[in-house]
Amino acid sequence: MHSPSPHSLVDLPIRHLNRGDLVPCADLCEDRGWPRDEHRWGLLLSAGTGYGIDAPDGKGLAGTCLTMPYGSDLTAVGMLLVAERYARQGLARRLMRYVMEAVGDTPLALYATEQGQPLYEDLGFSPVGRTERIGGRFGAPGSGGSASAVVSPSRAPLTTRPAAADDLQAMVRLDLPVFGTDRTHLLARLPAFSDRLQVAEEHGELVGYAALWPSGHAEVVGPLVARDTATAQALVASLAATTDRPLRTDVYARHKELLGWLAERGLEPLARTTVMTYGIPDLPGDAARRFAPLTVATG
Ligand SMILES: CC(C)(COP(=O)(O)OP(=O)(O)OC[C@H]1O[C@@H](n2cnc3c(N)ncnc32)[C@H](O)[C@@H]1OP(=O)(O)O)[C@@H](O)C(=O)NCCC(=O)NCCS
């Protein structure tokens, strides 16, 4: 069987992905050295819209892309992946053009890998910030040992505890000005998606929340929303204390104090992304209280 020419590749139809596509989506991640992350794909395909191109050789998907809508305020774009054997033949460009047309005038945001950034720049996206992926076993400073929940909160009455069902409304209220647009459809899925969902309180008021969810052999912290760095630290420490697995998180690079604190506890830099927008000059919301996205595919 001969391979299709590049010309016929860019003419391949783009179709909607659904939960029946979880395994081919995971295979594509693996093909690119990413964790298979079927669990994350499950969340993304139920809360967002997945697009895929079936591989002409009949072996799964040649490419994927995902949009996560936040009303008409913002759409996040993620999971742009093209199978290695179909690389550099225009599939990613075609998927992005398709998605940009599908969302119309809605502003876009994404977290670009080094490989993806040239394409996004070419399509008119502008860099507005960075995230640092940091991971490893969380331990006490200098110990290299196991997880510790000991943290010195800046204000004595700060406490953290597992979220209860009736915390959701307060989480959404806290999240709205921080994320800058309503993401109830995602936050409502966090209790089922996460291994642990933790809230921080002071004097009975919710001042932060964070989720811990499984990815490959690690547990990911995200979203991480907190009033200040001390609150973010208390949330991370309390989540770390619930697992023996390595942690991973994508922290917005402006939060250097948190990144330094994580590094002191044994987490090491793994990768970086460039936050890019299209149609708006920056991400909406309050960057000071937005420490980590749920995933770089959703913001
Ligand atoms: C990034 C990725 C999706 C590009 O897919 P692709 O189908 O090969 O890209 P295209 O053929 O449409 O190329 C579009 C442009 O992207 C850029 N590009 C593509 N691959 C690149 C690479 N490996 N390094 C640098 N730039 C690259 C080029 O500017 C290219 O245009 P050109 O071929 O005219 O020079 C693919 O390399 C991939 O799956 N990488 C791993 C996952 C990833 O990082 N995804 C991006 C998440 S933000």
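Colleague: How many nonpolar, polar and charged residues does the shell around the ligand have?

Modeller: This is a predicted model, in which local features need pLDDT of at least 70 and side-chain atom pairs count only at pLDDT 80 or more, while totals for chains, interfaces and linings use all residues. Residues are numbered from 1 along each chain as its sequence is written, and side-chain values use heavy atoms, with hydrogens and water left out. Ala, Val, Leu, Ile, Met, Phe, Trp, Tyr, Cys and Pro count as nonpolar, Asp, Glu, Lys and Arg as charged, and the others, Gly among them, as polar. Sorted in this way, the shell has 12 nonpolar, 5 polar and 3 charged residues.

Colleague: Which residues come nearest to the ligand?

Modeller: A residue is near a molecule if one of its heavy atoms lies within 4 Å of it. Of the 20 residues around the ligand, the ones that come nearest are L80, R88, G90, T113 and Q115.

Colleague: How far from an oxygen atom of the ligand does a backbone N or O atom of G90 lie?

Modeller: A polar contact here is a pair of N or O atoms within 3.5 Å. A polar backbone atom of Q89 is 3.1 Å from a ligand oxygen, and for a backbone N or O atom of R88 the distance to a ligand oxygen is 2.7 Å. For G90, the backbone N or O atom lies at 2.7 Å.

Colleague: Where is R88 placed, and what is its phi?

Modeller: Helices (DSSP runs of H or I, at least four residues) and strands (runs of E, at least two) are numbered from the N terminus. R88 belongs to the loop between β4 and α4. Most residues other than glycine have a negative phi. R88, a residue other than glycine, has a positive phi, near 55°.

Colleague: Which residues does a cis peptide bond join?

Modeller: Most peptide bonds are trans. In strand β10, which covers residues 218–226, we find P223. The cis bond, with omega about 0°, joins G222 and P223.

Colleague: What does the C-alpha trace of the protein span along its principal axes?

Modeller: The protein contains 10 helices and 13 strands. Along the principal axes, its C-alpha trace spans about 65 × 40 × 30 Å.

Methods: A polar contact is a pair of N or O atoms within 3.5 Å; within protein, one must be able to donate a hydrogen and the other to accept it, and residues adjacent in sequence count only if both atoms are side-chain atoms.
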